[in-house]
Amino acid sequence: IKGLIKNGNKHLMMVPIAFTSDHIETLYEMDIEYGEDMRNEFPDANIMRCESLNMHSTFIECLTELVADHLKSDGKTIPQMALRCPMCVNPTCGPMRGFFSSRKLSQSIVECC
């Protein structure tokens, strides 16, 4: 942020793309630590954070469609669920990932959608 402002960008919009709802990281870190602190250091800058998706109806409809489509498919988890982090040494990680990646949803759950 400092670099952008020092290079002449006085109007900045922070977009928390990794977060879909407001929580401590968006509300405190982005609004206060980044936004407020940067506004104090650079009073001419216009620094804002866009709203999170939260309970926006379009976002909820999209999630609903994704879940329904998944439940109507073969009911298995995505292939990435079986992947482990590089150099993972957690003894429970492998069995947990194997469990979830091999699960198939019960027919009653699939039929409800």
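Which residues of strand 2 are on its covered face, and which are on its uncovered one? I started my notebook with that one.

**Ground rules.** I am working with a predicted model, in which local features need pLDDT of at least 70 and side-chain atom pairs count only at pLDDT 80 or more, while totals for chains, interfaces and linings use all residues. I number residues from 1 along each chain as its sequence is written, and side-chain values use heavy atoms, with hydrogens and water left out.

**Entry 1: the two faces of strand 2.** I found strand 2 at residues 46-49, with Ile-47 and Arg-49 on the covered face. Asn-46 and Met-48 make up the uncovered face. A reminder to myself: side chains in a regular strand alternate between the two faces of the sheet. My strands (E, at least two residues) and helices (H or I, at least four) are DSSP runs, numbered from the N terminus.

**Entry 2: the partner strand.** I looked up what strand 2 pairs with, and found strand 1 (residues 11-14), in the parallel sense, over four bridges. Pairing here asks for at least two bridges found by DSSP between the strands. Met-14 stands opposite Arg-49 of strand 2. From strand 1 the chain passes through helix 2 (residues 24-41) to strand 2, and this β-α-β crossover is right-handed. To check the hand, I point the strands away from me; the path from the first strand over the helix to the second then runs clockwise.

**Entry 3: Met-48.** How exposed is Met-48? Its relative accessibility is 41%, so I put it down as partly exposed. The scale I use is buried under 20% relative accessible area, exposed over 50%, and partly exposed in between (1.4 Å probe, protein chains only). Met-48 also belongs to a nonpolar surface patch of about 430 Å², together with Met-13, Val-15 and Ile-17. A patch takes residues with over 30% relative accessible area and no salt bridge; nonpolar side chains (Val, Leu, Ile, Met, Phe, Trp, Tyr) are joined within 5 Å, like charges within 9 Å. The areas come from the Shrake-Rupley method with a 1.4 Å probe, and for residues only the protein chains shown count as cover.

**Entry 4: salt bridges.** How many salt bridges are there? I count three, taking a salt bridge as a side-chain nitrogen of Lys or Arg within 4 Å of a carboxyl oxygen of Asp or Glu.

- Glu-41 and Lys-2 meet at 3.6 Å, N to O. This pair links distant parts of the chain, with Glu-41 in helix 2 and Lys-2 in helix 1 (residues 2-6), 39 residues apart. Glu-41 is partly exposed at 41%, and Lys-2 is partly exposed at 37%.
- Asp-22 and Arg-49 have their closest N and O atoms 3.3 Å apart. Asp-22 sits in the loop between strand 1 and helix 2, 27 residues from Arg-49. Asp-22 is partly exposed at 32%.
- Asp-31 and Arg-49 meet at 2.7 Å, N to O. Asp-31 is in helix 2 and Arg-49 in strand 2, so the pair ties together parts 18 residues apart in sequence. Asp-31 is partly exposed at 23%.

**Entry 5: back to Arg-49.** Is Arg-49 buried or exposed? I have it as buried, with a relative accessible area of 18%. Shared partners join Asp-22, Asp-31 and Arg-49 into one salt-bridge network.
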